[in-house]
Amino acid sequence: MSLEKMETLEVRVRGLVELVQELKQANGSLQQQLDLVQEELSRQEAHAREWEEERVNIKSRIERVLEQLENLETSETNLQEAVHD
């Protein structure tokens with residue numbers, strides 16, 4: 001193998017080594033970003049679960065109040081019927 005070919009090969013190998021190092025750094029950076037996004041997603045999912053629990057709780061409370069109002073109306077109607085009889 002000629003000296004010129006060896007030098008060309010050496011330059012190409014150095015370039016590949018540099019590329020591998022750059023790719024490793026980029027991969028590390030992307031992995032950190034992914035970790036941060038996954039943490040944020042977990043927080044958002046927890047927040048969504050809290051909102052859902054609160055929504056269900058509020059719905060339940062509203063249904064109880066509506067039921068109480070309906071019972072009050074029924075009692076009032078029965079009372080009025082009893083008075084008129």
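**Entry 1. A starting residue**

I began with E63 and found this residue in helix α1, which covers residues 3-84. Helices here are DSSP runs of H or I with at least four residues, strands are runs of E with at least two, and both are numbered from the N terminus. I then looked up the accessibility of E63: at 45% relative accessibility, this residue counts as partly exposed. The classes are defined with a 1.4 Å probe and protein chains only: buried means under 20% relative accessible area, exposed means over 50%, and partly exposed lies in between.

I noted the basis of these values: the model is predicted, local features need pLDDT of at least 70, side-chain atom pairs count only at pLDDT 80 or more, and totals for chains, interfaces and linings use all residues. Residues are numbered from 1 along each chain as its sequence is written, and side-chain values use heavy atoms, with hydrogens and water left out.

**Entry 2. The whole chain**

I next checked burial: of the 85 residues, 0% count as buried. The chain exposes about 8,300 Å², and carbon and sulfur atoms supply 56% of this area. Accessible areas come from the Shrake-Rupley method with a 1.4 Å probe; for residues, only the protein chains shown count as cover.

**Entry 3. Distances along the helix**

I looked up two pairs of residues, C-alpha to C-alpha. L34 and S60 are 26 residues apart in sequence and 39 Å apart in space. L34 lies in helix α1 and is partly exposed at 39% relative accessibility. E54 and E73 are 19 residues apart in sequence and 29 Å apart in space. E54 is also placed in helix α1, and its relative accessible area of 41% makes this residue partly exposed.

**Entry 4. Salt bridges**

Side chains of opposite charge can pair when their charged atoms come close. I applied the rule that a salt bridge is a side-chain nitrogen of Lys or Arg within 4 Å of a carboxyl oxygen of Asp or Glu. The count comes to three salt bridges.

- R14 and E10 meet at 2.6 Å, N to O. They are four residues apart in helix α1, about one turn. R14 is partly exposed at 46%, and E10 is partly exposed at 44%.
- R43 and E40 meet at 2.8 Å, N to O. They lie three residues apart in helix α1, about one turn. R43 is partly exposed at 47%, and E40 is partly exposed at 34%.
- E52 and R55 meet at 2.8 Å, N to O. Because they are three residues apart in helix α1, about one helical turn separates them. E52 is partly exposed at 37%, and R55 is partly exposed at 45%.

**Entry 5. Charge and surface patches**

I compared the charges of the chain: the mean positions of the 10 positive and 20 negative charges are 13 Å apart. Lys and Arg count as positive and Asp and Glu as negative, while His and the chain ends are not counted. The place of a charge is taken as NZ of Lys, CZ of Arg, CG of Asp or CD of Glu.

Which residues gather in a patch of negative charge on the surface? I listed E63, E67, E70, E73 and E76. Patches are made of residues with over 30% relative accessible area and no salt bridge; like charges are joined within 9 Å, and nonpolar side chains (Val, Leu, Ile, Met, Phe, Trp, Tyr) within 5 Å.

I also found a nonpolar patch on the surface, formed by I58, I62, V65, L66, L69 and L72, with about 540 Å² of accessible area together.
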